[in-house]
Amino acid sequence: MISAKVLSVNISEKKGDVKIPIDKGEFIKGLGLKDDSHAGNWHRQVSLLSKESIDFMREKSNIDVNFGDFAENITTQGITLHRLPVGTVLKIGECILKVTQIGKECHHGCNIMKKVGSCIMPTQGIFATIEKGGLIQVNDEIEIISIPEESVFTYSIIIVSDKGSQGLRQDGCKEKIVNVLGKEIVYKLVNYVIVPDEMDKIEEIIRKNVSEKVNLILTSGGTGFSKRDVTPEATKKVIERETPGISEYIRARSLEKTDRAILSRAISGIADESLIINLPGSPIAVQESLEFIADPLKHGLEILLKRDAECAR
């Protein structure tokens, strides 16, 4: 469950100016924030930017920036805004908003650029229309009402563990996976199973998920040097095209934390319309691995499922 809220409501008289925080704002259906320069009968009635993005900008540029400096009407916390699909419906305070655009072209001569020196709105800001008007104020909760069905990715979790399959060890990896993917909004868990470290059974359950058109199949465990660690070999029997960049990147980033990452034999690849990724068996390592690949993973699935056709940034 995502816990998100409004940190600031911001307004400006002229386009291109930074916005000034106010305690609360009146948002008008089909128009936007009352008396705001960007309000109008168009698709970018309201702009939103997360505190997490602003903090990233502070660290990157070493410049002190405040809420409203990027001309956002609503500053949020606890939700990765730029990963919301277009068409997502949000409830904020008394209002209902519909996401219409992710990012925008940056105007290099605007006052924001002059003050800050750079801008994150082109990549991490989002825009919405007001579907139901009312008041929005600081500390109002943000609730995701719905996202377009065509934007949802199904995923399954396959835990590979002899002891886990016998009930002798509690699985701690599912919770980590669900927590990480839950932040991305668009992922829906459809299957969860624990199987022993046996190649035939691992292969069988992976093939079953592929046949059911599960978009993302995540295995956890069985990627080490033990004779019973056969998850990569079982995966190789199913995949049609390898995606080495995913596993190589996980290993490379994991090496920043421990040199034992070189011992991982995990692989990843594509079978039909499914992306299969071997993850470690440690709950902490599972969480870190998914966080490493979270940004490109969604785009890769969009390409695989023909929801997007461009890999260029």
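1. Two strands pair if DSSP finds at least two bridges between them. Helices (H or I, at least four residues) and strands (E, at least two) are DSSP runs, numbered from the N terminus. By that rule, β12 and β14 pair in the parallel sense, over 5 bridges.

2. On the source: this is a predicted model, in which local features need pLDDT of at least 70, side-chain atom pairs count only at pLDDT 80 or more, and totals for chains, interfaces and linings use all residues. Residues are numbered from 1 along each chain as its sequence is written, and side-chain values use heavy atoms, with hydrogens and water left out.

3. Overall build. The chain holds 9 helices and 17 strands. Its C-alpha atoms fill a box of roughly 70 × 40 × 35 Å, taken along the principal axes. Of the 313 residues, 48% are buried. Buried means under 20% relative accessible area, exposed over 50%, and partly exposed in between (1.4 Å probe, protein chains only).

4. Contacts along the chain. Contact means heavy atoms within 4.5 Å. Among contacts with a separation of 6 or more, 74% join residues 24 or more positions apart.

5. The largest nonpolar core. Such a core is a set of buried Ala, Val, Leu, Ile, Met, Phe, Trp, Tyr and Cys residues joined through side-chain atoms within 4.5 Å. The largest one has 25 residues. I177, Y187, L216, L218 and I277 have the most contacts inside it. Two or more residues each come from β12 (153–160), α5 (173–182), β14 (216–220), β17 (274–279) and α9 (283–304). The top contributor is α9, with 7 residues.

6. I177 up close. Which residues does I177 contact, leaving aside its neighbours within four places in sequence? They are Y155, I157, L218, L279, V286 and L290.

7. A second core. This one is separate and has 23 residues. V46, L48, L97 and I126 are among them.

8. Strand β12. Is β12 mostly covered or mostly uncovered? It is mostly covered, with 7 of its 8 residues buried. β12 runs parallel to strand β13 (residues 187–195), and 8 bridges join the two. Y155 stands opposite L189 in β13. Towards β14, I159 has S220 as its bridge partner. In a regular strand, side chains alternate between the two faces of the sheet.

9. Charge. The chain has 42 positive and 45 negative side chains. Lys and Arg count as positive and Asp and Glu as negative; His and the chain ends are not counted. The centres of the two sets lie 0 Å apart, with each charge placed at NZ of Lys, CZ of Arg, CG of Asp or CD of Glu.
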